[in-house]
Structure formats: structure tokens, C-alpha cells
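Subject: Predicted model for your files

Dear colleague,

Please find the structure below. My notes on it follow.

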Amino acid sequence: MACAFAPNGQSVACGGLDSACSIFNLNSQADRDGNMPVSRILTGHKGYVSSCQYVPDQETRLITSSGDQTCVLWDVTTGQRISIFGGEFPSGHTADVQSVSINSSNTNMFVSGSCDTTVRLWDIRIASRAVRTYHGHEDDVNSVKFFPDGHRFGTGSDDGTCRLFDMRTGHQLQVYSREPDRNSNELPTVTSIAFSISGRLLFAGYSNGDCYVWDTLLAEVVLNLGNLQNSHDGRISCLGMSSDGSALCTGSWDKNLKIWAFSGHRKIV
């Protein structure tokens with residue numbers, strides 16, 4: 001259900017329905033079938049692992065979110081849990097946690113999105129309580145992503161909207177609402193989001209295979225990749241930006257990954 005590269009590119013973490021997070025060292029020797037051996041398994045969650053992200057400036061620190069309503073900070077070298085966020089603490093999530101995003105400007109802070117319809121801000125130095133809780137969505141929050149400046153973050157939800165929040169004030173700055181699906185007349189859910197490197201564009205993947213490119217400031221649709229000739233014909237399940245911002249990757253239930261590259265004049269017609 002989740003995978004992430006370590007900052008140095010030498011390891012990959014992945015987690016899913018076995019409630020564990022497996023670490024693979026990419027320098028390991030593959031076996032005869034070409035499979036990499038697992039170098040460490042992080043166990044302790046009591047529910048599926050929904051997302052994982054390495055702390056940007058630390059190879060040995062990893063944060064996971066889970067269906068057990070918690071997030072965990074791990075020491076990858078020892079396999080030990082450093083901190084548990086939520087759980088028995090009153091300010092934690094009250095339903096499955098679906099997504100985490102670490103603030104690259106201040107790596108002590110991260111946000112988590114949950115099926116309890118809220119997003120919570122955490123300080124990894126204070127696990128006992130959430131710093132702030134953000135309300136606004138009316139259904140599961142499936143995806144959270146910090147804005148490049150680290151002062152704001154975006155969300156995507158089963159209520160069909162994306163939203164932009166101010167981390168410090170808690171104010172909702174923008175709502176990105178789309179029309180219902182032309183074929184089914186239902187409102188597709190947002191499964192995954194990503195920002196362009198400048199933050200000017202917000203990419204949102206939907207359950208009907210659409211991928212909207214939103215103007216973050218104006219909350220207007222610049223382009224729907226789902227309308228292009230070679231688009232996906234299944235639910236968009238994940239999105240990722242290349243680190244240099246030159247391309248977007250979309251993954252789908254149609255079993256394809258597609259790379260969308262930005263080239264030429266970026267004129268909005």
C-alpha cells in the first residue's frame with residue numbers, strides 16, 4: 001500500500017496489509033529469481049500500513065501511518081519504535097490514518113490525514129498530543145502533502161474536494177471542488193495529491209481515472225490529464241513528482257504507471 005525511497009536513494013521502505021514496514025537495501029545481492037532480500041522488518045502496528053516517509057535529512061528515521069489510528073516514528077537501524085502518535089492519547093485520530101507528510105522546511109513537524117475527516121499536525125518531539133487539528137472535510141482524508149514553502153499543506157478526500165490549509169493559523173485557504181462525473185453523475189473521490197515544485201500547480205488523482213491539474217492560487221482547473229488520448233482507464237491510486245519537478249508519475253488500478261513530462265511553453269490556453 002505504500003513505498004518510499006530513503007533520502008540517499010540506497011534503501012526502499014514499503015508497507016501494507018501485513019501491518020509491517022519492510023526495508024530493502026538496494027545494494028543487496030538479489031537471489032536467483034531476482035528478488036531483493038529484506039534487510040529489516042519494522043513490526044508493531046496493529047493495522048495495515050497506509051503510508052511511509054523517511055525524515056528528509058535523516059536516513060535512519062521513518063514515519064508510518066496505519067489503520068490502527070496511529071503514526072509511528074521508527075529508528076530504521078535498530079527496528080525500534082521511537083514514538084507513537086495517537087493511540088491511547090486523547091488528541092489522536094479516532095479512525096484509520098491514511099497518509100502522512102513531513103515538513104521539509106522543519107522536519108520535526110508532520111501532518112496526518114485520517115478517516116475521521118480531520119488532519120492533525122504533530123511535533124516528533126512531543127508524541128503525547130497533536131499540535132493542532134484541522135477540520136473542513138466531510139469524509140475520509142486520503143492524502144496530505146505539504147506545500148513547498150512548509151507553511152501550508154494540501155489535502156484530498158472522499159468528499160471529492162482538495163483543500164489548502166494554513167499550518168499555523170489553521171485556516172482553510174482554498175477549496176478545489178469539481179463537477180460530478182459525466183457518465184455516472186457521481187462525485188469522484190480524491191485518492192492522491194501532489195504539488196508542483198513551485199507550488200503553483202496542485203495535481204489531484206480521482207477514483208474515476210481523472211487527474212486534474214489545479215491552479216493552486218485561483219482554484220481553477222488548468223488541465224485534466226484524464227481527457228488526454230493516452231490517459232488511464234482505471235482509478236488513479238498514487239501520484240508522485242520527480243525531485244527536479246520536470247515530470248509527474250501517475251499509478252492506476254489499470255496496472256499502468258504513466259510519466260507526464262512538462263515541456264515547451266507552459267501557456268495556459
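**The largest pocket**

The largest pocket has 45 lining residues, and those nearest its centre are Cys-3, Lys-145, Ile-193, Leu-239 and Gly-240. This is a predicted model, in which local features need pLDDT of at least 70 and side-chain atom pairs count only at pLDDT 80 or more, while totals for chains, interfaces and linings use all residues. Residues are numbered from 1 along each chain as its sequence is written, and side-chain values use heavy atoms, with hydrogens and water left out.

A pocket here is an open set of points on a 1 Å grid over the protein atoms alone, with protein on both sides within 12 Å along at least five of seven lines; a cavity is a set of points where a 1.4 Å probe fits but cannot get out, and lining residues have an atom within 4 Å of a point. The largest pocket holds about 1,800 Å³ of space, a volume being the space filled by probe spheres set on the grid points, which are joined across faces, edges and corners.

Its lining comprises 25 nonpolar, 18 polar and 2 charged residues. In this scheme Ala, Val, Leu, Ile, Met, Phe, Trp, Tyr, Cys and Pro are nonpolar, Asp, Glu, Lys and Arg are charged, and the others, Gly among them, are polar. At least two lining residues come from each of β1 (2-5), β5 (49-54), β9 (97-102), β13 (141-146), β17 (190-195), β21 (236-241) and β22 (247-252).

**The cavity**

There is 1 cavity of 30 Å³ or more. The largest cavity has about 30 Å³ of space and is lined by Gly-209, Cys-211, Leu-225, Gly-226, Ser-231, His-232, Ile-236, Thr-250 and Trp-260. By class, that lining has 4 nonpolar, 5 polar and no charged residues.

**The chain as a whole**

The protein chain has 23 strands and 0 helices, where helices (H or I, at least four residues) and strands (E, at least two) are DSSP runs numbered from the N terminus. Its radius of gyration is 18 Å, which agrees with the value near 18 Å for a compact globule of 269 residues; the radius is taken over C-alpha atoms, and the globule rule is 2.2 Å times the number of residues to the power 0.38. Along the principal axes, the C-alpha atoms fill a box of roughly 55 × 50 × 35 Å. Of the 269 residues, 50% are buried (under 20% relative accessible area; exposed is over 50%, partly exposed in between, with a 1.4 Å probe and protein chains only).

Residues 42-84 are 56% strand and 0% helix, with end C-alpha atoms 13 Å apart. For residues 134-175, the span is 55% strand and 0% helix, and the end C-alpha atoms lie 14 Å apart.

**Two loop residues**

Pro-7 is in the loop between β1 and β2 (11-15) and is partly exposed, at 38% relative accessible area. Not counting residues up to four places away in sequence, Pro-7 touches Tyr-54, Val-55, Pro-56, Gln-58 and Glu-59; contact means heavy atoms within 4.5 Å.

Gly-92 sits in the loop between β8 (80-86) and β9 and counts as buried, at 4% relative accessibility. Leaving aside neighbours within four places in sequence, Gly-92 contacts Gly-86, Arg-120 and Trp-122.

Regards
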